[in-house]
Amino acid sequence: MTGTDHESDANPPLTVELLADLQAGLLDDDAAADIRRRVRTDPRAAAILRALQQVRRDLAAAGADPASAPHPPAEVTAKIVTALRAAAASESPATHAARPRIRPGKVLAGIAGFCAAVAAIGVGTASLVTAPSPAPSTPTTAMHITVSTPPPVIPLSHQQILELLQRTPDYGPVDAALADPLRRASCLTGLGYPASTQILGAQPIGINARPGVLLVVPGDGPGTVAVYAVALNCSAADTGLLASTTIARAPGS
């Protein structure tokens, strides 16, 4: 095997499937850390990860909306289940043995994907049915020009961030979402970290008039810390990531 082959094995392409596995917490710690590091220097992968987070947000919102698409018809679900069982039964023992074992997380992700697809079809159909007729086009005027917001940047210096490591993490009021350890664990999972990851520092913060919480966790490289500004209700389903960065940790801190 050539050196190029080894490099390819060590750095798999940042595909949608791989990034979805990262977001779903299906990768081991070392693999997840490596992918997070690569995403920070790959704008295309970062955009894919943001899109996956948007899908999670949309699905969470659709699931909570009583007016959203209904559940798929029972006969459709039954046909799919029957087809899957027939395909599995038709496999020879040798073929089944040669195929790698599918992790439960993959199965759940697949089921979630199927449900998402059905929901998307229903929502899309409903949108087409209820969409208003196109309005007559009008000349573009200054009223249609909007001022873009500045790019989201963490409004603290490196020194101010490192000072958080010397304090007790502040997640906001005692009734705030991230004051709950279970919600923090869910938030870490959404960011691609194990739920048991130690939070080194935290404080409420605002970015572009959006309130959030700054979380500082161990970096993926030696002597670094990773910094994330997330929404107040950050969870595995929706981190509400506002901005992120990585900085060097002061020696001895």
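The structure you see is a predicted model.

In general, strands of a sheet pair through backbone hydrogen bonds, either parallel or antiparallel.

Here are the residue ranges to look for:

| Strand | Residues |
|---|---|
| Strand 1 | 201–207 |
| Strand 2 | 210–218 |
| Strand 3 | 224–231 |

Strand 2 and strand 3 pair in the antiparallel sense over 7 bridges. Within this pairing, Val216 has Val227 of strand 3 as its bridge partner.

**Ile199**

Now look at Ile199, found in the loop between helix 9 (181–190) and strand 1. Ile199 counts as buried because its relative accessibility is 13%, and buried means under 20%. Leaving aside residues up to four places away in sequence, Ile199 touches Pro169, Tyr171, Arg184, Leu188, Leu215, Val216 and Val217. Val216 is 17 residues from Ile199 in sequence, while their C-alpha atoms are 5.9 Å apart in space.

**Helix 2**

Finally, turn to helix 2, which covers residues 16–23. Its buried residues are Leu18, Leu19, Asp21, Leu22 and Gln23. An α-helix has 3.6 residues a turn, so residues three or four places apart point the same way. Just after helix 2 comes Gly25, with a positive phi of about 75°.

Methods:
Residues are numbered from 1 along each chain as its sequence is written. This is a predicted model: local features need pLDDT of at least 70, side-chain atom pairs count only at pLDDT 80 or more; totals for chains, interfaces and linings use all residues. Side-chain values use heavy atoms; hydrogens and water are left out. Buried means under 20% relative accessible area, exposed over 50%, partly exposed in between (1.4 Å probe, protein chains only). Helices (H or I, at least four residues) and strands (E, at least two) are DSSP runs, numbered from the N terminus. Contact means heavy atoms within 4.5 Å. Two strands pair if DSSP finds at least two bridges between them.
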